[in-house]
Amino acid sequence: MLTTEEMCRKFRALGLKVTPQRRFIFQVLEGNPHHPSAEAVYAEVRAFIPEISLATVYNTLRELVDLGELRELNLGDGKSHYDPDLSNHQHLVCVRCHAVADVTCDIGGLTLTPEQSRGYRLLGTDVTFYGLCPACQQQADWPGQALHLWGVSPAA
Ligand SMILES: [Zn+2]
Ligand SMILES: [Zn+2]
């Protein structure tokens, strides 16, 4: 993602308004390594700008995703998460506590045959690694009921 000042210039150049709320959202996202949800961004901005609405946060995040300045991620907790780091990297996600870490590995050979791609022009792939973090492996409620979704037998 661009810096806050560059993003303000880009928004103005596109005829989009740069309000103090939007500027603060850019600031919260700039260099943010935590892959926050919209709700987490909202909580952080609201501490400084109490009158901001969740709708403003959603709309601004949507605009940033549409402009290609922000990656939208599914970490399996039912919310979208946002990553301003546009470098080529993958994510390692805990299926129990939804902790997320950046990882870089070579997935360059992953593609579809012409039959499999059904006439789509392929743009890229999005690989997520799911697992149990070290802390969650110690919890009594695991192995959980959903492990078969990952091809793991519950007795394992
Ligand atoms: Zn965990
Ligand atoms: Zn990331």
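## Core and helix packing

The largest nonpolar core has 18 residues, of which Ile25, Leu29, Val41, Val45, Val57 and Leu61 touch the most other members. A nonpolar core here is a set of buried Ala, Val, Leu, Ile, Met, Phe, Trp, Tyr and Cys residues joined through C-beta atoms within 7 Å. Buried means 20 or more other C-beta atoms within 10 Å of a residue's own, exposed means 12 or fewer, and partly exposed lies in between; C-beta atoms are placed from the backbone. Helices α1, α2, α3 and α4 (54-66) each supply at least two residues of this core. Helix α2 gives the most, with five residues.

This is a predicted model: local features need pLDDT of at least 70, side-chain atom pairs count only at pLDDT 80 or more, and totals for chains, interfaces and linings use all residues. Residues are numbered from 1 along each chain as its sequence is written, while chains are lettered from A and ligands numbered from 1 in the order in which they are written.

Two helix pairs are tabulated here. Helices are DSSP runs (H or I, at least four residues), numbered from the N terminus. Axes are lines fitted to C-alpha atoms over the stretch in contact, and angles run from 0 to 180 degrees between N-to-C directions.

| Pair | Angle | Axis distance |
|---|---|---|
| α1 (4-13) and α2 (20-29) | about 140° | 9 Å |
| α2 and α3 (38-46) | roughly 115° | within 10 Å |

The α1 and α2 angle of about 140° makes α1 oblique to α2. Angles under 35 degrees count as roughly parallel, over 145 as roughly antiparallel, 65 to 115 as roughly perpendicular and the rest as oblique. Thr4, Met7 and Cys8 of α1 meet Arg23, Phe26 and Gln27 of α2. Contact means C-beta atoms, placed from the backbone, within 7 Å. These residues divide into three nonpolar, two polar and one charged. Ala, Val, Leu, Ile, Met, Phe, Trp, Tyr, Cys and Pro count as nonpolar, Asp, Glu, Lys and Arg as charged, and the others, Gly among them, as polar.

From α2, Gln21, Phe24, Ile25 and Val28 contact Val41, Glu44 and Val45 of α3. That contact has five nonpolar, one polar and one charged residues.

Val57 is in contact with Ile25, Ala38, Val41, Tyr42, Val45 and Ile52, leaving aside neighbours within four places in sequence.

Trp142 lies in the segment after α5 (134-137). Trp142 is partly exposed, with 14 other C-beta atoms within 10 Å. Beyond four places in sequence, Trp142 contacts Arg96, Leu132, Cys136 and Gln137.

Note on methods. Two residues are in contact if their C-beta atoms, placed from the backbone, lie within 7 Å.
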